[in-house]
Amino acid sequence: MHSLNRRVFLGTAAAALSAPAILKAQSDAIKLGSLTPLTGVGGTYGPSMRDAISGVIAQVNEAGGVLGREITLVSEDTQTSPEAAVRAARKLIDVDGVSAIMGTWASSITTAVAPLAWESQTMLLCVSGADSITQLPHQGFICRTQPNSKLQIRVAGDFMVEEGATQMAWIGPQTPFAASSIEILEEIAAANGAGMESLIYEADKSTYRSEVDQILVNNPDFLMLGGYAADSTVLLRDIWQSGYEGKIIGPAYAVNQTVLDALPPEVTENVFTWEGAPAIDSGAYANVQAILGVEDVDPYSAQTYDHASLAILAMAAGGDVTGDTIRQNIRAVSQGEGQMVESAVDGLAGLEGGINYSGASGPCDFDEIGDITGTSFVFKQISGAAAAEFKRV
Amino acid sequence: MELLPQLLVNGIISGTLLAIPAIGFTAIFAVLRFPNFSVASHATIGAFAGYAANVWLGLPAAPALIAAFLVAALVGLASDEIALKPLRPYGALTAAIASIALTIVLENMVRFGFGNELRGYDLPLVRDWRIAGVRVGPQQVQNLVLALIIMAAVFAALKFTRIGKAMRAVADNPTLAELKGIDPVRVGRLTVFIAMGLVGAGGMLLGLGTSIDPLTGFRFILPIFAAAVVGGLGSIPGAALGAMVVGIGEELSVLVLSPSYKSAVGFVAIVLVLAFRPRGLLGERAY
């Protein structure tokens, strides 16, 4: 009885799954995939990241498409979980046959999805920072618009020293960038005669009281948080309750607005955050503002706008619609000789004479392993549960 | 080593809070003879019911705790009748597996209703007190007192009330209890109601000091299970003792292990007890 039911179910499921493949054969549209965190801790960013991509695609379709074909967007949800992301990526690759997957957020997720991408020759454009990602044997199928974690930590570590840190500390969960973050801060601390302590804790605990007691033993005066939103909420509360009076800095994706809303304002008062700064004075940034209908574009939506623009321009430059075409031509459009363009539509028009795409997240130039070069950063300070710009570097 | 008194205090507090859901878990095992892993989602449901009472209705912590108890108890009773009871005749393993499925379903129902965001209770946040170099939060002390009151009530009920005696009788020897005119089905229902209520209240107590999300209960399933096994599955004082062992053990482990291995303490406790004293520290007697 049970196995019969299961068989019927599997049969129906298989039929349902194969239906899009049949549709695909009939339609002539080019498929691009968006794989963003629509739910989970990244859920604050995912929907607008996807909307930025679909905005670019809508503009290109309106201007006549690319290579004479329309583009359709297939959007999936990572749930901010590597295993859900892998399932979704499988579907994008095997069922939809997308040529690029754009917008993977959180390093653990990009790391999990990456092998599927390069094995199927699908281009993966991500917003994750762990150094290990671009060191994978990806054969060029990965590019990222997010500065790598080494650069991010170095910039923040220098900031801590400038703001007068004499005893630094790093506390965070086990992530692909925990060890390298600690190493870099130790270097910076040593070079500036400051002390440095670190503690790696277990993610997903409901309290970190003992961890906080331990990291505060040597009286640090500047703490860096290394986790994501869920554990940072718990940690910030525990740190405040402990009576710690020193400075705190955390990545903007960890100390984000949901965290500020979930905690009483006094807990987050004066906490610093930092993130890669979008190119707010660029035409591309204005275009994303128009697409999303917001004044402040978060850095990830600015990056996915660039992902979509670059993927489309690379296909147009290579004259084909495969992931491999994007891989081979992405640098020709992102840092080529020629006219500077800030949108996919302008790029398509000027492609003949050569273009150099400069996007909403920055100049969008990639080195040989797919890391972004030349990013600027913005530091913010929290006051009354809202982040206000402190300085740019 | 200067941290030792502080870690002990942290451990005693977290152990006491852990004891409440562990007692619920072990009570169900004592009477119905299967490990009900859906305590994870019931702890979450209790935490969210308490959140709704506290934030939406503006109730203080203690009345919100009663709401957490009642909602988790009713959901526990209903889900047991629908999903687990029909499967119990097929054996403890079947029921245990069904309870894992149940917990996934319930967790996602919470997610569907409340979303994935973190939520904090509407309680005044105050800095910790420092007493002789050891810090302790006023909220923690309140949680501790509430947990102790709940535990005292459970022990008193088991010892002095007819229902409590009937539960102990069924746990000790169901056949004999039935011969004496105790209806095991009724006692089973009552046990599930009270136990899931305790789990719900425990979920809220554990969430009070932090933030809650649909995974709140799931994070505690390993320590809860470890506490029950260490104390002796089915023994209620054992669950309380086991919770202290696991709670204090987890906090003290920070002295010798990287905190990223904290959860390993629960596993190690289970392995040690199963290897050297399979019946648990206090054996199997329900009371």
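The buried residues of helix 6 of chain B pack against helix 1 (4–32), helix 5 (138–160), helix 7 (174–179) and helix 8 (184–208) of chain B. Packing here rests on contact, which requires the C-beta atoms of two residues, placed from the backbone, to lie within 7 Å. Helices (H or I, at least four residues) and strands (E, at least two) are DSSP runs, numbered from the N terminus. Helix 6 of chain B covers residues 162–172, and its buried residues are B:Ala166, B:Met167, B:Val170 and B:Ala171. Because these residues cover an arc of only 135° around the axis, they lie on the same side of helix 6 of chain B; the arc is that of the directions from the helix axis to the C-beta atoms. An α-helix has 3.6 residues a turn, so residues three or four places apart point the same way. A residue counts as buried if 20 or more other C-beta atoms lie within 10 Å of its own, as exposed if 12 or fewer do, and as partly exposed in between, with C-beta atoms placed from the backbone.

This is a predicted model, in which local features need pLDDT of at least 70 and side-chain atom pairs count only at pLDDT 80 or more, while totals for chains, interfaces and linings use all residues. Residues are numbered from 1 along each chain as its sequence is written, and chains are lettered from A and ligands numbered from 1 in the order in which they are written.

The contact between the chains takes 30 residues from chain A and 29 residues from chain B. On the side of chain B that touches chain A, the elements giving two or more residues are helix 1, strand 1 (119–120) and helix 8 of chain B. Helix 1 of chain B gives the largest share, 3 residues. That side divides into 7 nonpolar, 13 polar and 9 charged residues. Here Ala, Val, Leu, Ile, Met, Phe, Trp, Tyr, Cys and Pro count as nonpolar, Asp, Glu, Lys and Arg as charged, and the others, Gly among them, as polar.

Chain A has 15 helices and 16 strands. Of its 393 residues, 55% count as buried, and its C-alpha trace spans about 65 × 65 × 40 Å along the principal axes.

Chain A contains an open sheet of 5 strands with parallel pairing and the order 2-1-3-4-5; two strands pair if DSSP finds at least two bridges between them. Strand 2 and strand 5 (142–144) of chain A stand at the edges, each with a single partner strand, so one side of each has no neighbour in the sheet. From one strand to the next the twist averages 20°. Strand 1 (residues 30–36) and strand 2 of chain A pair in the parallel sense over 7 bridges, and A:Leu35 stands opposite A:Glu76 in strand 2. Helix 2 (residues 46–62) of chain A packs on the sheet, touching strand 1, strand 2 and strand 3, and its direction makes about 175° with that of strand 2. Such angles run from 0 to 180 degrees between N-to-C directions, with axes fitted as lines to C-alpha atoms, for helices over the stretch in contact.

Two loops of chain A hold non-glycine residues with positive phi. A:Gln79, with phi of about 55°, is in the loop between strand 2 (71–77) and helix 3 (82–96) of chain A. A:Gln79 is buried, with 21 other C-beta atoms within 10 Å. A:Ala106, with phi near 85°, is in the loop between strand 3 (100–104) and helix 4 (107–119) of chain A. A:Ala106 also counts as buried, with 26 C-beta neighbours inside 10 Å.
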